[in-house]
Structure formats: structure tokens, C-alpha cells
Amino acid sequence: REEAFAGTETERAPDLTLVLRDRGFISVLNSDRVLRPRPAVMGTHHPEGVFVAAGPGVRRGARLEPLRIEQVTPLLLHALGIPIPADLDGRFPAAVLDDAALAADPPRAGPPTLPPDPFADERAARVEPADEEQVLVRLQALGYLE
């Protein structure tokens with residue numbers, strides 16, 4: 001799983017991915033039990049999808065090599081005029097756009113993304129001791145505290 005699902009959330013990734021005869025696949029999560037029956041089949045995926053692009057700057061009539069799903073995000077960011085974060089997985093699929101469009105508006109690299117801060121809300125809600133004392137005095141004056 002470390003090779004297929006690199007990143008900070010690798011611990012949550014499946015331990016095993018089985019490729020089926022029809023090229024679909026099922027991911028098996030790490031478990032303390034050897035077998036855990038499910039009430040319904042779930043988690044079956046197919047790695048191939050459909051990618052279609054049209055509009056100004058899109059290479060007309062191009063037949064591309066298959067894109068990986070992580071290549072779609074940098075293309076969408078570029079189309080929206082947003083710099084592509086330096087640490088984003090997936091390379092920009094330049095073959096989607098014609099040469100003139102790329103020359104006029106090359107993709108811009110942006111700063112790396114930052115992982116979300118799981119304690120941001122908790123820190124924002126923290127009250128300094130002096131402020132907490134003032135809040136308690138006011139609540140008491142209003143009759144909410146005795």
C-alpha cells in the first residue's frame with residue numbers, strides 16, 4: 001500500500017488490491033479479522049474512465065494516451081486560472097491543449113499545499129484566562145451564573 005497510496009493518509013489505505021478478470025479491482029482494508037462478511041458487495045472499481053475535452057485551446061481531434069485520474073486536477077486548475085500546487089500528484093497533460101494555447105497561457109506552478117490543521121477550530125475557540133474571567137463576570141452580571 002505504501003507504493004500505491006503514498007502520502008500522509010497511507011495508514012487508511014487498503015493493504016491489498018485484487019485485480020479481477022474483467023480488469024475491475026477490489027481493495028481489501030487492513031483488519032484484525034481474517035474474514036469479515038459484508039452485507040453487500042462494495043468497493044469494486046474499474047481503473048478506466050472517460051475523458052472528453054472541448055473548447056478554446058483544446059487540441060482538436062486529438063487521440064491521447066490514457067490519462068491517469070490525478071492528471072485531471074492540474075488540467076482543471078489551469079483551465080480555471082489557478083496555479084498548480086508544487087506538491088500536487090499528477091503531471092499536467094499538455095497534450096490536451098494546442099501549442100498556441102500553451103504558448104499564450106502556460107501552466108503556472110503554485111506553492112505547495114499544506115495539510116489541514118486538525119486543531120485549527122480548537123485553537124480559534126480557545127479563550128485566554130484574562131478574557132475568560134471577564135466573560136464569567138459579564139455572565140454573572142446578566143444572571144446566567146451565580
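Is Thr8 buried or exposed? At 71% relative accessibility, Thr8 counts as exposed, where exposed means over 50% relative accessible area, buried under 20% and partly exposed in between, with a 1.4 Å probe and protein chains only.

Before I continue, a word on the basis of these values. This is a predicted model, in which local features need pLDDT of at least 70 and side-chain atom pairs count only at pLDDT 80 or more, while totals for chains, interfaces and linings use all residues. Residues are numbered from 1 along each chain as its sequence is written, and side-chain values use heavy atoms, with hydrogens and water left out.

Thr8 sits in the segment before strand E1 (16-19); helices (H or I, at least four residues) and strands (E, at least two) are DSSP runs, numbered from the N terminus.

The largest nonpolar core comprises 8 residues: Val58, Leu75, Leu77, Ile84, Phe92, Val96, Leu97 and Leu102. Such a core is a set of buried Ala, Val, Leu, Ile, Met, Phe, Trp, Tyr and Cys residues joined through side-chain atoms within 4.5 Å. Leaving out residues up to four places away in sequence, Leu97 touches Gly57, Val58, Arg59, Leu75, His78, Phe92 and Leu102; contact here means heavy atoms within 4.5 Å.

Asp99 lies in helix H2 (residues 99-104) and Arg59 in the loop between strand E3 (44-45) and H1, so the pair ties together parts that are 40 residues apart in sequence. Asp99 is exposed at 57% relative accessibility, whereas Arg59 is partly exposed at 30%.

A salt bridge also links the side chains of Glu70 and Arg68, at 2.7 Å from N to O. Glu70 is partly exposed, at 27%, and Arg68 is exposed, at 55%.

What does Gln71 contact beyond its neighbours within four places in sequence? The residues are Pro66, Arg91 and Pro93. Gln71 belongs to helix H1 (residues 69-79) and is buried, with a relative accessible area of 5%.

Technical notes: Salt bridge = Lys/Arg side-chain N within 4 Å of Asp/Glu carboxyl O.
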